[in-house]
Amino acid sequence: MRQTLAAFVLLFALALPCPAQQLTPEQERARGEAMTLLLRSQELNGEGKTGEAVEAAEAALAAAERSLGGGHELVALALDMLGTLHLNREDFARAETFYSRALAAREKSQGPEHPDVAA
């Protein structure tokens, strides 16, 4: 339950408009699609349907990368979700790959000195 609430709060924060980032209508649509898919992934994971959760998170990642680019926070969130899902499956190599990509996306979107990425 806490994970679902945390995911919802984070997705809600991502949904807020960012003055520095003007999105086209297509980007807005893709962002909404990606957020919906990430919420669905979280829900499926909570139901123990990890395979379906991975598919939803992969679809979210594809939608976000296609229209927002690899350096967007929503891309990082989808990558992080995929890392967590693979970690839960004990597929540590794939989890590490997704976590590394998520870190790179966050460094790109927030800068290397941001507390979410600084070591």
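The crossing of H4 and H5 is left-handed. That comes from a predicted model, so let's walk through what this pair is doing before stepping back to the rest of the chain. 

Helix H4 covers residues 73-88 and helix H5 covers residues 92-110. The cut-off for roughly antiparallel is over 145 degrees, which makes H4 roughly antiparallel to H5.

Who does the touching? On the H4 side, the contact is made by Glu73, Ala76, Leu77, Leu79, Asp80, Leu82, Gly83, Thr84, His86 and Leu87. H5 answers with Phe92, Arg94, Ala95, Phe98, Tyr99, Arg101, Ala102, Ala105, Arg106, Ser109 and Gln110. Sorted by class, that gives 11 nonpolar, 5 polar and 5 charged residues.

Setting aside neighbours within four places in sequence, Ala76 is in contact with Ala102, Ala105 and Arg106. Ala76 and Arg101 are 25 residues apart in sequence, yet their C-alpha atoms are 7.4 Å apart in space.

Now for the other pair. Helix H2 (residues 25-46) and helix H3 (residues 50-68) have axes that come within 8 Å and cross at roughly 165°. H2 and H3 are therefore roughly antiparallel to each other, and their crossing is left-handed.

From H2, the residues in this contact are Gln27, Ala30, Arg31, Glu33, Ala34, Leu37, Leu38, Ser41, Leu44 and Asn45. They meet Thr50, Glu52, Ala53, Ala56, Ala57, Ala59, Ala60, Ala63, Ala64, Arg66, Ser67 and Leu68 in H3.

| Helix pair | Angle between axes | Axis separation |
|---|---|---|
| H2 and H3 | roughly 165° | within 8 Å |

Zooming out, the protein chain has 5 helices and 0 strands, and along the sequence the pattern reads α-α-α-α-α. Of its 119 residues, 38% count as buried. The accessible surface of the protein chain comes to about 7000 Å², with 57% of that belonging to carbon and sulfur atoms. As for contacts between residues at least 6 apart in sequence, 57% join residues at least 24 apart.

Terms used
Residues are numbered from 1 along each chain as its sequence is written. This is a predicted model: local features need pLDDT of at least 70, side-chain atom pairs count only at pLDDT 80 or more; totals for chains, interfaces and linings use all residues. Side-chain values use heavy atoms; hydrogens and water are left out. Axes are lines fitted to C-alpha atoms, for helices over the stretch in contact, and angles run from 0 to 180 degrees between N-to-C directions. Helices (H or I, at least four residues) and strands (E, at least two) are DSSP runs, numbered from the N terminus. Angles under 35 degrees count as roughly parallel, over 145 as roughly antiparallel, 65 to 115 as roughly perpendicular and the rest as oblique. A crossing is left-handed if the near helix is turned anticlockwise from the far one by less than a right angle, and right-handed if clockwise. Contact means heavy atoms within 4.5 Å. Ala, Val, Leu, Ile, Met, Phe, Trp, Tyr, Cys and Pro count as nonpolar, Asp, Glu, Lys and Arg as charged, and the others, Gly among them, as polar. Buried means under 20% relative accessible area, exposed over 50%, partly exposed in between (1.4 Å probe, protein chains only). Accessible areas come from the Shrake-Rupley method with a 1.4 Å probe; for residues, only the protein chains shown count as cover.
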